[in-house]
Amino acid sequence: MNQRPARRPAPRPPEGTPAPAELAGMARSRLAGAARVARWADTALRPGRAGATADGKATLTDATAERAALELGLTPSQVRADWDTARLAGLVEVHGDSARPGWRLRAWHRDDSAVLRGWVALFDAWSLAYPEPVDHEPAAVAEVVSAMPQVLSFLQLSAGPVPVEQLLDLLQQRVRELRTERCEVPYGPQREPARPVAGLAQPAAPADAELAPLLDWALHALASVGALTCADDQATLTPLGSWAVWVKLEQICVAAQSPAGNIEAAAEDMLRGCAQLRPNAARAEYRAWLAARPVGSAVTELLDAARGDDALLRGLAFEALRVVGAPAEPDVRLVVDEPTLRPYALLWLAEQEGTDPEDAHEVLTRDEATWLWVDTAAAVADHGEAPMLVRHLESAVQPTVPALLDEVRAVGHPRTVQVLVALAAAHPDPALAKAVRRAAFQVHTGGS
C-alpha cells in the first residue's frame, strides 16, 4: 500500500518572537513617516481638493515635495524618501503616471495584518530601498541579492550578533555556488581548438575584496528597512527581521509539501484538485502552489483558468487570487472590462480596498449581481447537488422568483437555459418548477 511521506514540520517561530500585535506596532513605527506622507498626499493632492495638482494625478512633483516639506516640517529629500518607502510598502499605488492611496493605508489603523504585509513588502524590496553601488558590475550586484536569503537565514538561526567577517565567508560560498549552478557546456562548432579537459572547470571563487563592499551595501540596505542592525562589525536581525525570515522559511516548507499534491499542476488542474477540499485546506493548497511560482506568472495562469467555460473554476481562481492579495491588483484591474470576469473582479477589488466581504456585493449593479448569480448557479448545477441549487435561490438579490426570472432572462448569460432547466428539475414546488421551465423555454426560443 502506498503511503504519503510524512510531512516535514514547518520551522517554528524564533523563541521570544513578539506577538503579532507587538510586531505590527514595530512595523507601524518603522513606516510612520511613509504613512504620514501618503496621508498628506491623499488629503492635499486628491482631485477636487483645494491644493490638488493641476493634472489631477496626485503625484509628487518637485513643487508638491516642497509644499509637503513645508507643511510636515521635513526637508524635500525626506519627503521623497518617505514617498519612495510608501510606494514600496503599498501605502501608495502608482498606476502609470497617476498615484492613489493603497488599500493598506486605508486599513492602517484597523488591520494589523495589512501593516505587517506592508512592512514585508518593503523588506522584500530592500535592494531598491537603498542606493545601489555604482562602481560594481550589475551582474555582481544581482549575485549578492540572490545570495542574501541564505545569509539572512544564517542570521536568523544564529539568534544573535554575527561577525560581518563570518557573513562574508558565507556570502562568498553562496556566490560560488550560484556561479557553478549556471555554468554551461558550450555546444556547436568552436572558433578555437578545444583544449583537452579532464573535467569541467570550476568558476573562480569570488574574492573577498570583490564582495566585501557589496555585503556592506546589502547590510546597510537591510538596516534601512528595519530588518537588522550593524554595529562593531557585527550584524543582528531585529525582531521584525527575524520574524520576516521565519515567514519566508515557512513559505518554503509549505511549498515543499503541497497538502494535496497539486504543487506542480497547471492552474486549471490545481483548481479542480481543490474543488472538493474544505476552505482552509484549499487555501493551504493555494498558498503552496503560489509559493512555488513567480507572482506574475501565477496570477496570469489563474486569470486564464477563470476565462474558461467552467464557472466553478472561475470562482475558485478568484479565491486563490484572494490568497495572492495586493500583488495581483494590477492584473485584476485589467480584466474589469471582460464581461465574464467583471463581477468577480469588482468584488475582489472591493475587498482589497477594505470593504467587508458581506457588503462587497453592493459594488455590483443589479445586472452584474444577476449575471454572477447565474454563473454561480451554473457551477452548482455542474458540480453540486440538487438541494444546493434550490438553496441558491435564496442568494438572489431579487425579492421574488418572478422578478428573478425576468432579470435572469435579460442579462444574457450563456448558461441561462441550462441553469433554469436544472433548477426546474431540482425544485420540489411544482408550480415554481413550471414557471422556471417556462422561462427556460422562452430564453431558448427567444420569446418573451
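View 1. Buried stands for under 20% relative accessible area, exposed for over 50%, and partly exposed for values in between (1.4 Å probe, protein chains only). This is a predicted model, in which local features need pLDDT of at least 70 and side-chain atom pairs count only at pLDDT 80 or more, while totals for chains, interfaces and linings use all residues. Residues are numbered from 1 along each chain as its sequence is written, and side-chain values use heavy atoms, with hydrogens and water left out. Asp-310 sits in the loop between helix H13 (295–306) and H14. Helices (H or I, at least four residues) and strands (E, at least two) are DSSP runs, numbered from the N terminus. The Asp-310 side chain reaches the backbone nitrogen of Leu-312 at 2.9 Å. Leaving aside neighbours within four places in sequence, Asp-310 is in contact (heavy atoms within 4.5 Å) with Arg-272 and His-383.

**View 2. The aromatic pair of Trp-126 and Trp-217.** Rings of Phe, Tyr and Trp (its six-membered ring) pair if their centres lie within 6.5 Å; planes under 30 degrees apart count as stacked, over 60 as edge-to-face and the rest as tilted. The count by this rule is 3 aromatic pairs. The Trp-126 and Trp-217 pair is tilted, at 5.4 Å centre to centre and 50° between the planes. Trp-126 lies in the loop between helix H6 (112–124) and helix H7 (138–158) and Trp-217 in helix H9 (residues 208–224), so the pair ties together parts that are 91 residues apart in sequence. Both Trp-126 and Trp-217 are buried.

**View 3. The stacked rings of Phe-318 and Tyr-344.** The ring centres of Phe-318 and Tyr-344 are 5.6 Å apart and the planes are at 25°, so this pair is stacked. Because Phe-318 belongs to helix H14 (residues 311–324) and Tyr-344 to helix H16 (residues 342–352), the pair ties together parts that are 26 residues apart in sequence. Phe-318 is buried at 0% relative accessibility, and Tyr-344 is buried with a relative accessible area of 9%.

**View 4. The hairpin of E4 and E5.** Strand E4 (residues 228–231) and strand E5 (residues 234–237) run antiparallel and are joined by 4 bridges; two strands pair if DSSP finds at least two bridges between them. Thr-229 stands opposite Thr-236 in E5. The hairpin has 2 residues between its strands, and Asp-232 in the turn has a positive phi of about 55°.

**View 5. The salt bridge between Arg-342 and Glu-368.** A salt bridge is a side-chain nitrogen of Lys or Arg within 4 Å of a carboxyl oxygen of Asp or Glu. The whole structure holds 22 salt bridges. Arg-342 and Glu-368 meet at 2.6 Å, N to O. Arg-342 lies in helix H16 and Glu-368 in helix H17 (residues 366–383), so the pair ties together parts that are 26 residues apart in sequence. Arg-342 is partly exposed at 27% relative accessibility, whereas Glu-368 is buried at 12%.

**View 6. The salt bridge between Arg-415 and Asp-382.** The side chains of Arg-415 and Asp-382 meet at 2.9 Å, N to O. Arg-415 lies in the loop between helix H19 (401–411) and helix H20 (416–426) and Asp-382 in helix H17, so the pair ties together parts that are 33 residues apart in sequence. Asp-382 is partly exposed, at 41% relative accessibility.

Technical notes:
A polar contact is a pair of N or O atoms within 3.5 Å; within protein, one must be able to donate a hydrogen and the other to accept it, and residues adjacent in sequence count only if both atoms are side-chain atoms.
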